[in-house]
Amino acid sequence: MTGKPVVVVGDALLDRDIDGETTRLAPDAPVPVVDVVRDRCRPGGAGLAAALAAREGREVVLVTALGDDPASRTVRDALRSRVRLVELALDGTLPVKTRVRVGGRPLVRVDDGGGTPGEPDETVRDVLDGAGAVLVADYGRGTATAVRRHLTRAARRLPLVWDPHPRGEAPVHGARLVTPSGAEAYAMTRVGDDSLHAHALRGTRLADRWQVAAVAVTLGEHGAMLTRAGNDSPMLVPAPYRADGDPCGAGDCFAATAARAFADGALPEEAVQRAVAEATAFVAGAGAGDHALWQTPSEAPAVPPTRPADPFALAERVRARGGTVVATGGCFDLLHAGHVGLLEGARRIGDCLIVCLNSDSSVARLKGPGRPLTPEADRRRILGGLGCVDAVAVFDEDTPEALLRELRPHVWVKGGDYTADTLPEAAALREWGGQAVVLPYLDGRSTTELAHRAALSRGRNRKPEPEPEPPR
């Protein structure tokens, strides 16, 4: 890791999230009435990008325009313990973006305020001269325009990532990577449809137009398409798993991660792979509203926050927004069509599916010597790669009852010859009002049968041992 900081240049905003519940319409108009449950403010725009770049102790300098208005003071107070601020004067007020959300989903957004950034002084040039990498978080509010001369100079000698905005300026020539979303790339080109080929074509055309080294078109849950000017061999970097969460701020996370990777000496392919992985984890976690991101160092928990793929965190998020948590379990030693049918059916019952997986020691006790055929790590990865599986939790006991008491799913699914009342876990489910259900299972499909057929096939195909020559 280089000792030089990441410098973020761009428009800071104040993001406000009002979360509430709605159960009725207003008497004077057919609109929902929102009863406020929580009201939180945090830095947004370049402020969020800088905070994300500063994770894990990275030194970050934020060049942005701030004034004396309440929104500016809130952003300044939240960021000053995390990043070094180099401020441009702001003629006006800091923009405030307010989202009203119900059930974790936006109902309406209100934008308020705005101002004009002043001219940069020599401090801006000095911090760019000392940067390991530069990120331009352009939200079309004028900061990138005010600093453009210095950014053009910086792009000639160090890696520069530009996160563009439809209302902003074109990236400076020579930028190492530009990161438009799929929708932004379409708005800037009006080329093609929603196919991967069209995304690649738009990225290549933008790289040609802007005269930049590479363009990564971000595609949400599909990852990102990395393209270069005049190059017809784009690289698709898929997301490592499907993220179920608030995507607000994911683009900032993507761009901030890429800039950090370039500061560490990464190639564009490596930077985009890191950025896709981090942005996916960001969405799957608490997103821009992650309280831990905005805690002061003294408030930070001694144990790192739960990773996004944690099944317990997933269950809690789904419950919090009123969804249905579904769980199923088993050894899944050799995944076959019966398993897949069961898992797909279970996922359709609710809003997430968590698989409770027997550990290697648990499988060995239940199935006997020689089992499992597939080790635990591989079984977890195979299950996690299925589109119908949202998370996997491993248990060491002979039954998943203890694990279920922690997960507390609404529905527990099994397949086979059980009845709902005779399922061993049914009694535990009743403790919190959960329901055990049985789904049909495909006849003639089992791991034992597959293993038996494989052994027979191996025996039939084995070449006979040559007879020994008679002694001479």
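Start with helices α3 and α5, whose crossing is right-handed; a crossing is right-handed if the near helix is turned clockwise from the far one by less than a right angle, and left-handed if anticlockwise. This is a predicted model, in which local features need pLDDT of at least 70, side-chain atom pairs count only at pLDDT 80 or more, and totals for chains, interfaces and linings use all residues. Residues are numbered from 1 along each chain as its sequence is written, and side-chain values use heavy atoms, with hydrogens and water left out.

Select residues 122-129 for α3 and 148-155 for α5: their axes come within 10 Å and cross at roughly 20 degrees. That makes α3 roughly parallel to α5, because angles under 35 degrees count as roughly parallel, over 145 as roughly antiparallel, 65 to 115 as roughly perpendicular and the rest as oblique. Axes are lines fitted to C-alpha atoms, for helices over the stretch in contact, and angles run from 0 to 180 degrees between N-to-C directions. Helices (H or I, at least four residues) and strands (E, at least two) are DSSP runs, numbered from the N terminus.

Now show side chains. Val124, Arg125, Leu128 and Asp129 of α3 meet His150, Leu151 and Arg153 of α5, where contact means heavy atoms within 4.5 Å. This contact of α3 with α5 divides into 3 nonpolar, 1 polar and 3 charged residues (Ala, Val, Leu, Ile, Met, Phe, Trp, Tyr, Cys and Pro count as nonpolar, Asp, Glu, Lys and Arg as charged, and the others, Gly among them, as polar).

Next, select α6 (residues 182-189) and α7 (residues 196-210), which pack at about 60 degrees with axes 10 Å apart. That makes α6 oblique to α7. The crossing of α6 and α7 is left-handed. On the α6 side the contact involves Gly182, Ala185, Tyr186, Met188 and Thr189; on the α7 side, His199, Arg202, Leu206, Arg209 and Trp210.

Move to α8 (residues 250-263) and α9 (residues 268-284), packed at about 145 degrees with axes 8 Å apart. The crossing of α8 and α9 is right-handed. Residues of α8 that meet α9 include Ala250, Phe254 and Phe262; those of α9 include Pro268, Arg274 and Phe282. By class, this contact of α8 with α9 has 14 nonpolar, 1 polar and 2 charged residues.

Finish with two loops. Select Glu56, in the loop between α1 (46-53) and β4 (60-66); phi of Glu56 is near 65 degrees, a positive value in a residue other than glycine. Then select Pro372, in the loop between α12 (360-367) and α13 (376-384). The peptide bond from Arg371 to Pro372 is cis, with omega near 5 degrees. Most residues other than glycine have a negative phi, and most peptide bonds are trans.
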